[in-house]
Amino acid sequence: MIQWTLFSMLGLFLHARILRMLFLQFKMQKSDLTKIGTAVFTAGILVNVLFRENFFLQITAHIFLGIGLFFVASLISESRIRTVRQGFLIILDEIILQMSSGKSFRESVVLARDRQQSVLRIFLDDLVLSVVFSQQPKIWSNDLFFQEIVAEFQAIDRTNAKSLDRLRSFRKKIRTHTDF
């Protein structure tokens, strides 16, 4: 019985560590993490109770549960990237509108960030950090689309001359890429 209890705690501890790593790597929201964590904790307890007599099945079930966590996290990450790609033109429109009304580029990006839903806000937070402090965004750095956005925003931030025109041409270029 002590062996079963220790193994159960170890399995749940490993799943909690995996969840924490996924939270940091994929920038999940705490509400998503709470839902996934509750489901994993319940599944872990269920696995421990159902396979209490057979440690091999218990270990196998915990391994599949851990693999399932990575699969769910990658699906959430892909969904977030798709959401950002679809909403980026709206963000650019808001930034252009703010800059047309006399605001600076950085101020316009911050104002556009404040009006967005949570996934786009996370992306814009990383974008602001990469523009202002020249940091590489963690979850967006694998995609060429996001690397292009970061490079263009950094170039616009460095040069004050004709930044609005440059942003409009960048919007036109992004619009052409999304249409075709």
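Me: In which helix is the place of Arg106?

Reply: Arg106 lies in helix 4, where a helix is a DSSP run of H or I with at least four residues, a strand is a run of E with at least two, and both are numbered from the N terminus. This is a predicted model, in which local features need pLDDT of at least 70 and side-chain atom pairs count only at pLDDT 80 or more, while totals for chains, interfaces and linings use all residues. Residues are numbered from 1 along each chain as its sequence is written, and side-chain values use heavy atoms, with hydrogens and water left out.

Me: Why is Arg106 called partly exposed?

Reply: The relative accessible area of Arg106 is 41%, and the rule is that buried means under 20%, exposed means over 50%, and partly exposed covers what lies in between, with a 1.4 Å probe and protein chains only. Arg106 is therefore partly exposed.

Me: What makes Glu152 count as buried?

Reply: Glu152, which is found in helix 6, has a relative accessibility of 18%, so it counts as buried. Leaving aside neighbours within four places in sequence, Glu152 is in contact with Arg166 and Phe170, where contact means heavy atoms within 4.5 Å.

Me: Which residues is Arg106 in contact with, leaving aside its neighbours within four places in sequence?

Reply: Arg106 is in contact with Val132 and Asp157. Arg106 and Asp157 are 51 residues apart along the chain, yet their C-alpha atoms are separated by 7.4 Å.

Me: Why are helix 4 and helix 6 called oblique to each other?

Reply: The two helices pack at an angle of about 135°, with their axes 9 Å apart; axes are lines fitted to C-alpha atoms, for helices over the stretch in contact, and angles run from 0 to 180 degrees between N-to-C directions. Angles under 35 degrees count as roughly parallel, those over 145 as roughly antiparallel, those from 65 to 115 as roughly perpendicular, and the rest as oblique, so helix 4 and helix 6 are oblique. Phe105, Arg106 and Val109 of helix 4 make this contact with Phe153, Ile156 and Asp157 of helix 6. These residues divide into 4 nonpolar, no polar and 2 charged, where Ala, Val, Leu, Ile, Met, Phe, Trp, Tyr, Cys and Pro count as nonpolar, Asp, Glu, Lys and Arg as charged, and the others, Gly among them, as polar.

Me: How do you know that helix 3 and helix 5 are roughly perpendicular to each other?

Reply: Helix 3 and helix 5 pack at an angle of about 80°, with their axes 9 Å apart, and they are therefore roughly perpendicular to each other. The residues in this contact include Val84, Phe88 and Ile91 of helix 3 and Ile122, Phe123 and Leu124 of helix 5. Sorted by kind, the residues of the contact of helix 3 with helix 5 divide into 8 nonpolar, 2 polar and 1 charged.

Me: What makes helix 5 oblique to helix 6?

Reply: Helix 5 and helix 6 pack at an angle of about 50°, with their axes 9 Å apart, and this makes helix 5 oblique to helix 6. Among the residues that meet here are Phe123 and Leu127 in helix 5, and Ile149 and Phe153 in helix 6. The residues of the contact of helix 5 with helix 6 divide into 7 nonpolar, 2 polar and 1 charged.

Me: Which residues touch the most other members in the largest nonpolar core?

Reply: Of the 29 residues in that core, Phe88, Ile95, Phe105, Phe123, Ile149, Phe153 and Leu167 touch the most other members, where a nonpolar core is a set of buried Ala, Val, Leu, Ile, Met, Phe, Trp, Tyr and Cys residues joined through side-chain atoms within 4.5 Å. Helix 3 gives the most to this core, with 9 residues. Not counting residues up to four places away in sequence, Ile95 touches residues including Phe105, Phe153 and Leu167. A second, separate core of 5 residues includes Ile36, Val40, Leu65 and Leu69.

Me: How many helices and strands does the protein chain have?

Reply: The protein chain has 7 helices and 0 strands, and buried residues make up 42% of its 180 residues.
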